[in-house]
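Hi,

Here is the structure I said I would pass on. Have a look through it first, and then read my notes below.

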Amino acid sequence: MTELAAQYTIQHLGQRGDGVAAGPVYAPLTLPSEVVTGTREGDRLADVKIVTPSAQRVAPPCPHFKRCGGCALQHASDGFVETWKADLVRTALSHVDLTAQIAQVLTSPPQSRRRAALAGRKTKNGAQVGFHVRGGAEIVAIPNCKLLRPEIMAALPALEQVTRIAAPRGAEVTLHVTATQTGLDLAITEAKPFDRLAMAALAPLAPSFARITWNGETALQQTPPMLRLGRGQVPLAPGAFLQATEAGEAALVSQAKAILSGATQVADLFAGLGTFTFPIAERSAVHAVEGDRTLLQALDHGTRAPAGLKPITTERRDLFRAPLMPDELSRFDAVLLDPPRAGAAAQVAQLAQSTVAKIAFISCNPATFARDAQVLISAGWRMGPITVVDQFRWSPHVELVTDFERA
């Protein structure tokens, strides 16, 4: 049911970055303490107008912000966003009766995102590539985007041409673009079947990309897309997880190395491509454990050439179903734990009972981190100060790193 426009006072921001008034009623692009009007549609406000703006409101730097769903918080000052993200971590911990010191919030600069999933749709006159409109399916073109690295922005015309070739009639493709040392890697999903006509049409676009993967199969490769992780040179597997910005990766690596300083034998659990494996191996022997065969093969490739590193060993293992047990962990004096959003409940249960002296814990989900932290603390571990790392600038996404030691 739709009601006539009324005034609302925004009390706080929800986890997705929308303002929340009493009810609750959700109002996009608003800030705490603001008085707004809008037309209520269920539990959301439409046609929101600001009556009394917050002192933390700023002019969005991007002209697409009001419509584009790529960002949620460009209307808020950097200081407000930092405080809000720190509070998201505090709130998640409070739900399991834990408190923590937030040591710092490290935010990646604008135009630094090196990977993005863009939507592409064929049009009558060409193609449209960009992010979806906020709360809808329409695609917003993104010239002068303030999120993405310049080399991705420069490839937008080529991505439009790819969309014309790959998009099925009346449907979208998703364009997963990653900036690597050797050029842009493009993985196209939801594309129509690949055939000779598509291969011939892609050929002129070869100079724009290191590799193009079409529905999981390599369609074109000029050179293998490579990443430098510490002293390791690692090939990027199609669709592989990679930290969103180089600045964010450097912040997480720096904190992890400081936590693990002095360790001689480290287990890197959920090692992925080796984002932390190679930097840690500059000082410590590392055993990298990862469940994804493709990621582990890439990590193994990176171990072949680097000089000056301590020994790196690898193991393929599903840590959700077969976590390292306390007797297996006994040969390590420290662990780096970097699980996906689901957290590491099974592995943390074993770590809690192990003889490991120190854990560097990296998380991209405050809720599952809080759950896992409670298990460790209940078993007698002590949590150190938390560093919040904001790689997804102007979004509700939060990453963090902290240490656990035995009390």
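What follows is a short tour of what turned up, element by element.

First, the ground rules. This is a predicted model, so local features need pLDDT of at least 70 and side-chain atom pairs count only at pLDDT 80 or more, while totals for chains, interfaces and linings use all residues. Residues are numbered from 1 along each chain as its sequence is written, and side-chain values use heavy atoms, with hydrogens and water left out.

Let's start with helix H1, residues 78-94. Helices (H or I, at least four residues) and strands (E, at least two) are DSSP runs, numbered from the N terminus. How far apart are the end C-alpha atoms of H1? They are 24 Å apart, which agrees with the 24 Å that its 17 residues should span at 1.5 Å a residue; the expected span is 1.5 Å times one less than the number of residues. Among the buried residues of H1 are Phe-80, Trp-84, Leu-88 and Ala-92. Buried means under 20% relative accessible area, exposed over 50%, and partly exposed in between, with a 1.4 Å probe and protein chains only. In general, an α-helix has 3.6 residues a turn, so residues three or four places apart point the same way. The cover over the buried part of H1 includes strand S7 (102-107), helix H10 (366-378) and strand S24 (399-406).

With a relative accessible area of 0%, Ala-373 is buried. Not counting residues up to four places away in sequence, Ala-373 touches Leu-98, Met-383 and Phe-404 (contact means heavy atoms within 4.5 Å). Ala-352 is 21 residues from Ala-373 in sequence and 9.8 Å from it in space, C-alpha to C-alpha.

Next, the sheet. Seen in order, S10-S9-S8-S11-S12-S13-S14 make an open sheet of 7 strands with mixed pairing; two strands pair if DSSP finds at least two bridges between them. At the edges are strand S10 (139-141) and strand S14 (217-221), each of which pairs on one side only. From one strand to the next, the twist averages 35°. Inside this sheet, S8 (residues 115-123) and S9 (residues 126-132) pair in the antiparallel sense over 5 bridges, and Gly-120 stands opposite Val-129 in S9. Helix H3 (residues 156-166) lies across S8, S9, S11, S12 and S13, and runs at about 110° to S9. For the angles, axes are lines fitted to C-alpha atoms, for helices over the stretch in contact, and angles run from 0 to 180 degrees between N-to-C directions.

There is also a hairpin to look at. Strands S15 (residues 226-229) and S16 (residues 232-235) pair in the antiparallel sense over 4 bridges, with Pro-235 in S16 as the bridge partner of Met-226. The hairpin has 2 residues between the strands, and Gly-230 takes a positive phi near 60° there.

Most residues other than glycine have a negative phi, and most peptide bonds are trans. Gln-111, in the loop between S7 and S8, has a positive phi of about 55° and is partly exposed at 40%. Trp-394, in the loop between S23 and S24, has a positive phi near 65°, but Trp-394 is buried at 6%. The peptide bond between Gly-23 and Pro-24 is cis, with omega about 0°; Pro-24 is in the loop between strand S3 (19-21) and strand S4 (25-27).

The search ran on a 1 Å grid over the protein atoms alone: a cavity is a set of points where a 1.4 Å probe fits but cannot get out, a pocket is an open set with protein on both sides within 12 Å along at least five of seven lines, and lining residues have an atom within 4 Å of a point. Grid points are joined across faces, edges and corners, and a volume is the space filled by probe spheres set on the points. The largest pocket holds about 900 Å³. Of the 34 residues lining this pocket, Asp-18, Pro-28, Leu-29, Arg-44 and Arg-134 lie nearest its centre. Strand S6 (residues 44-52) gives the largest share of the lining, 6 residues. How many cavities of 30 Å³ or more are there? The count is 3, and the largest cavity has a volume of about 70 Å³. Residues lining the largest cavity include Cys-62, Cys-68, Cys-71 and Cys-145.

Best wishes
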